[in-house]
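Hi everyone, thanks for making time this morning. I'd like to walk you through a model I've been looking at, so please have a look at the screen.

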Amino acid sequence: MIFITVKFNVKPEWVERWPELTKDFTAATRAEPGNLWFDWSRSLENPNEFVLVEAFKDDAAEAHVGSDHFQQAMKDMVQALVETPKIINTVIEGEDWSRMGELTVE
């Protein structure tokens with residue numbers, strides 16, 4: 001799978017509006033064929049930082065980046081950002097989360 005993590009440093013005046021700003025983009029991406037997950041989190045250390053964890057089957061990420069909703073989101077989000085987002089994009093085996101070996105809940 002293609003595994004992607006992106007950190008968005010959002011302007012303070014946009015922090016509370018960020019979920020609404022990204023709502024349509026999130027829904028459209030989650031509906032894409034080949035999308036495995038597309039999940040937002042907020043940093044505990046920096047309340048202005050949102051972290052996106054997403055995954056796609058094999059080559060599905062290419063269609064995602066070429067989609068109309070992706071292109072629109074890039075235009076919509078730029079106004080709310082302090083800087084260019086930071087990204088890790090890599091290919092890993094599997095198509096789902098694995099269980100943590102160091103901690104077992106029974």
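Predicted model: local features only at pLDDT ≥ 70, side-chain atom pairs only at ≥ 80, totals over all residues.

The C-alpha atoms fill a box of roughly 40 × 35 × 20 Å along the principal axes. Of the 106 residues in the chain, 35% are buried.

On annotation, UniProt has an unreviewed entry that places the feature "domain: ABM" at residues 2-92. Over that stretch, the chain is 33% helix and 33% strand.

Now to the charges. Side chains of opposite charge can pair when their charged atoms come close. How many salt bridges does the structure hold? There are 2 salt bridges.

Let's take Glu16 and Arg42 to begin with: their side chains meet at 3.8 Å, N to O. This pair links distant parts of the chain, 26 residues apart. Glu16 sits in the loop between strand E1 (2-9) and helix H1 (18-21), while Arg42 belongs to strand E2 (residues 35-42). Glu16 counts as exposed because its relative accessibility is 66%, whereas Arg42, at 37%, is partly exposed.

The other pair is Arg30 with Asp39, where the closest N and O atoms are 3.7 Å apart. Here Arg30 is partly exposed at 45%, and Asp39 is partly exposed too, at 35%.

Which residues form the negative patch? They are Asp58, Asp59, Glu62, Glu95 and Asp96. Asp59 is in the loop between strand E3 (49-56) and helix H3 (60-66), and with 62% relative accessibility it counts as exposed.

There is a nonpolar patch as well, about 360 Å², made by Met100, Leu103 and Val105. You'll find Met100 in the segment after strand E4 (86-91). Is Met100 buried or exposed? It counts as exposed, because its relative accessibility is 53%.

Last stop, for anyone who likes lysines: Lys75 is in helix H4 (residues 68-78) and counts as exposed at 59% relative accessibility. Lys75 and Lys57 are 18 residues apart along the chain, and their C-alpha atoms are separated by 25 Å.

That's my tour, and I'm happy to go back to any part of it.

Methods
Residues numbered from 1 in each chain as written. Heavy atoms only, no water. UniProt positions renumbered as here; feature names shortened; annotations may be inferred. Helix = DSSP H or I, 4+ residues; strand = E, 2+ residues; numbered from the N terminus. Patch = residues over 30% accessible without salt bridge, like charges linked within 9 Å, V, L, I, M, F, W, Y side chains within 5 Å. Areas by Shrake-Rupley, 256 points an atom, 1.4 Å probe, with all protein chains shown as cover. Salt bridge = Lys/Arg side-chain N within 4 Å of Asp/Glu carboxyl O. Lys, Arg positive; Asp, Glu negative; His and termini not counted. Charge placed at Lys NZ, Arg CZ, Asp CG, Glu CD. Buried < 20%, exposed > 50% of the residue type's maximum accessible area, 1.4 Å probe, protein only.
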